[in-house]
Amino acid sequence: MVDYHAANNQSSAAGVYMEQENDWDRDLLLDPAWEKQQRKTFTAWCNSHLRKAGTQIENIEEDFRDGLKLMLLLEVISGERLPKPERGKMRVHKINNVNKALDFIASKGVKLVSIGAEEIVDGNAKMTLGMIWTIILRFAIQDISVEETSAKEGLLLWCQRKTAPYKNVNVQNFHISWKDGLAFNALIHRHRPDLIDYDSLRKDDPVTNLNNAFEVAEKHLDIPKMLDAEDIVNTARPDEKAIMTYVSSFYHAFSGAQKAETAANRICKVLAVNQENELMMEDYEKLASELLEWIRRTIPWLENRTQEKTVNDMQAKQEDFRDYRCVHKPPKVQEKCQLEISFNTLQTKLRLSNRPAFMPSEGRMVSDINGAWHTLEGAEKGYEEWILSEIRRLERLEHLAEKFHQKAAIHESWTDGKEAMLTQKDYETSTLSEVKALLRKHEAFESDLAAHQDRVEQIAAIAQELNELDYYDSATVNARCQKICDQWDVLGALTQSRKESLERTEKQLESIDELYLEYAKRAAPFNNWMEGAMEDLQDMFIVHNIEEIQGLITAHEQFKSTLPEANKEREAIQAIQAEVQKIAQSNGIKLSGANPYTTITPESIDSKWEKAMAMVPLRDTALQDELNKQNNNDTLRAKFATQANAVGAYIQAKMEEIGRISIEMNGTLEDQLTNLKEYQKTIMSYMPEINKLEGSHQLIQEALIFDNQYTSYTMEHLRVGWEQLLTTIARTINEVENQILTRDAKGISQEQLYEYRASFNHFDKTLQGGERRAKRDHSGALMAEEFKACLISLGYDVENDKQGDTEFARIMGIVDPNGSGAVTFQAFIDFMSRETTDTDTADQVIASFKILAADKNYITAEELRRELPPDQAEYCIARMAPYTGPDGVPGALDYMSFSTALYGESDL
């Protein structure tokens with residue numbers, strides 16, 4: 001570390017020495033050693049520049065006599081064109097050329113004392129060396145300045161500071177302080193420690209030290225050897241001008257390296273930012289592609305409407321869907337939220353580094369992902385509704401199919417043998433009374449047939465409904481229904497035919513038994529009533545709430561209330577049959593067997609009555625069981641409603657609370673971030689209540705409960721609300737993190753952020769109704785007029801005039817590029833930070849590359865690899881376009897277009 005206090009003391013000592021300098025000069029005028037040192041040093045210095053023009057000098061006083069190489073030297077070191085030299089060999093031509101050179105030196109503010117063109121042309125060594133020293137002072141030393149010192153003092157101070165840490169080195173002047181060679185080695189070691197083993201040098205071996213420094217400088221630093229070690233060691237006081245000339249070459253060599261290092265550091269910084277941003281872009285593209293691919297694979301599964309045959313099969317699908325909602329989807333919700341956070345963070349970093357905004361690949365914008373997500377949720381809703389609808393449909397189908405086959409079996413049992421009965425010719429051999437009896441019997445059959453017409457129509461209606469509901473075994477149902485209908489048509493035709501036959505013979509038959517007839521007429525409808533009652537008592541039922549089952553119980557109770565009357569009717573019918581037996585016995589009539597008018601026997605009536613009475617308590621039990629089931633379902637509804645109402649109120653309250661917090665946050669940004677994360681943990685601690693609600697909802701679905709009068713909340717609404725709550729707090733946290741990033745990157749103070757937030761919140765309001773008063777709406781964004789008022793309060797000239805409107809339109813184009821009409825707080829902060837801070841620009845990066853390229857308009861791969869770290873050098877080489885300018889060389893690269901592309905001003 002340089003001791004600057006010591007350096008100042010050294011500078012003071014140097015001042016004391018300067019007072020003795022004239023005495024040294026007077027002594028040296030008598031010693032030709034100074035001339036020899038100057039001649040060698042100045043010749044080497046001139047050649048170090050003339051070689052750039054492809055020439056050199058051998059004898060300094062002879063080779064400058066014609067003025068040609070002198071003019072060429074001045075053009076090389078100044079970078080300017082001198083007047084055209086005269087090519088003649090005469091003395092006047094040479095004098096004119098030397099005068100042109102001297103005039104040019106004088107034009108640079110240099111006073112030439114006692115130096116004329118004639119002396120130079122005549123080869124006056126002293127005057128020639130004095131002129132060269134004047135040129136060296138003007139073009140190599142004059143521009144050196146350290147802490148506002150003169151050129152000589154500045155160069156001395158630079159040497160003192162660079163060599164201060166080294167032992168045995170004390171630079172006080174430009175002559176005897178350099179005799180031991182340690183100062184030259186210290187300068188080289190300070191800047192290139194890899195070239196000098198300083199600890200191995202000895203103060204008592206100056207020749208070795210000097211030769212080591214001169215050889216290393218010439219070989220590795222491109223500084224020509226301007227002095228001889230023996231000349232310096234063997235001279236009492238080495239020539240000051242020669243030492244200054246040689247040391248100035250070290251100064252220029254090392255200051256150029258420092259500029260290159262600074263330029264390289266700037267480029268490395270810019271490239272590091274660009275590489276980090278590209279990595280974040282690649283991560284976003286990858287995550288977005290994977291999420292969109294998952295959505296693309298999932299939506300067809302949710303849109304699949306392949307119907308199943310049974311309720312169990314559909315419930316299996318419901319279980320798969322529940323597993324998807326609870327297991328597979330939640331991680332994707334987190335990925336979507338993280339994707340939005342990464343996108344916002346990337347855009348903030350790009351704005352802070354003055355880079356163009358990131359535009360994802362087509363179809364991978366955040367809006368595209370949100371659109372795909374919205375489509376996914378729509379497919380979820382449709383799929384869940386379809387599953388529930390299908391379960392209802394299949395449950396209905398199974399009930400209808402069982403009812404169909406039950407009614408069909410009863411009907412087929414009734415029709416069994418009816419065709420044979422209707423086609424028999426028994427009336428052809430019967431007596432008149434028997435025919436009349438057959439006719440009455442047939443009339444009773446027609447009454448029975450008419451009574452069965454409703455049952456056939458019910459069977460057909462059920463079959464039709466099964467077809468409309470797409471019952472999987474519709475073919476079997478249709479075949480059985482068609483068979484019943486065809487048989488029914490045949491029975492109708494046979495009934496009509498038999499009736500006509502009996503009526504043709506009725507005129508010949510008069511005998512009739514009124515009691516049998518009355519029995520038959522009353523027994524048939526009673527029998528049909530009993531069959532209907534038995535069918536109703538065995539009928540399957542399906543209900544969804546307490547009101548429906550209570551309705552069935554009420555209907556059943558009404559049916560039971562009619563049983564006493566029905567029993568009286570049964571006893572009356574049985575009394576008719578008893579009266580027939582009584583008359584037969586009292587009149588000695590031998591009955592031929594069954595009632596000729598009906599097949600319904602008293603035994604069958606009693607048998608059916610007993611069966612019906614046995615079914616009544618079974619029906620009571622079934623209805624009571626169903627009532628208990630519905631009561632349990634009602635309990636489940638109430639439990640779910642209680643939990644759902646609490647969860648819904650909690651979500652609503654927290655959403656409103658987050659809205660207030662995001663507007664009214666106090667404390668430092670770090671405090672706000674800590675509080676928000678603690679608040680997020682508090683919300684996440686409520687997750688067990690959500691899981692408990694999911695469990696209650698699962699019980700509801702397993703019980704096939706499709707409605708709930710105790711709450712307006714559905715599980716779908718609560719799931720969406722919970723996801724929105726988690727997303728909102730995550731976005732709020734991300735906003736504060738981006739504010740911290742903006743503050744740190746732009747150097748904005750906490751007080752400035754408070755001022756910006758206070759101004760933004762103050763104007764975040766809207767007029768309510770027709771009243772002339774403002775009320776805060778906490779919308780989180782400023783409309784155009786509100787934003788203009790906010791800018792005016794901060795001192796911006798955007799009043800309602802032409803100039804103000806133009807400035808306001810420019811600002812709105814920055815903060816609201818999409819033209820939505822609203823300005824978010826993040827856009828407001830970005831604008832204010834951009835207005836108050838400075839950032840790297842493309843011009844600065846171009847200037848840095850120009851330094852590395854040694855002022856050329858192009859740069860080579862070799863120069864990039866020498867000045868930059870390997871990975872960043874290769875990064876530039878791979879992306880730089882070939883240089884096409886007329887001054888280019890093979891392999892030249894265009895660093896200007898590359899730099900502008902880094903900042904979005906051209907294509908990379």
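This report covers ring pairs, charges over rings, and a cavity.

## The model

The structure is a predicted model: local features need pLDDT of at least 70, side-chain atom pairs count only at pLDDT 80 or more, and totals for chains, interfaces and linings use all residues. Residues are numbered from 1 along each chain as its sequence is written, and side-chain values use heavy atoms, with hydrogens and water left out.

## Aromatic pairs

The whole structure holds 32 aromatic pairs. Rings of Phe, Tyr and Trp (its six-membered ring) pair if their centres lie within 6.5 Å; planes under 30 degrees apart count as stacked, over 60 as edge-to-face and the rest as tilted.

Take Phe184 and Tyr246. Their pair is tilted, with 5.5 Å centre to centre and 45° between the planes. Phe184 lies in helix α10 (residues 182–191) and Tyr246 in helix α13 (residues 240–303), so the pair ties together parts that are 62 residues apart in sequence. Helices here are DSSP runs (H or I, at least four residues), numbered from the N terminus. Phe184 is buried, at a relative accessible area of 0%. Tyr246 is buried too, at 0%. Buried means under 20% relative accessible area (1.4 Å probe, protein chains only).

## A stacked pair and a cluster

Phe526 and Trp609 have ring centres 6.3 Å apart and planes at 25°, so this pair is stacked. Phe526 sits in helix α19 (residues 514–538), and Trp609 in helix α22 (residues 602–664), so the pair links parts that are 83 residues apart in sequence. Both Phe526 and Trp609 are buried.

Ring pairs also build a cluster. Its members are Phe174, Trp178, Phe184, Phe214, Tyr246, Phe250 and Phe254.

## Charges over rings

A charge sits over a ring if NZ of Lys or CZ of Arg is within 6 Å of the ring centre and within 35 degrees of the ring normal. Lys418 lies over the face of Trp414, 4.9 Å from the ring centre. Lys788 has its charged end over the ring of Phe808, 4.9 Å from the centre.

## The cavity

How many cavities of 30 Å³ or more does a search of the whole structure find? The search finds 1. A cavity is a set of points on a 1 Å grid over the protein atoms alone, where a 1.4 Å probe fits but cannot get out; lining residues have an atom within 4 Å of a point. The largest cavity has a volume of about 50 Å³, where volume is the space filled by probe spheres set on the points.

Its lining residues are Met421, Leu422, Gln424, Asp426, Leu438, Lys441, His442 and Arg498. Elements α16 (418–423) and α17 (432–468) each give two or more residues to this lining. Helix α17 gives the most, with 3 residues.

Notes: Buried < 20%, exposed > 50% of the residue type's maximum accessible area, 1.4 Å probe, protein only. 1 Å grid on protein atoms, 1.4 Å probe; cavity = no way out; pocket = protein on both sides within 12 Å on 5 of 7 lines; lining within 4 Å.
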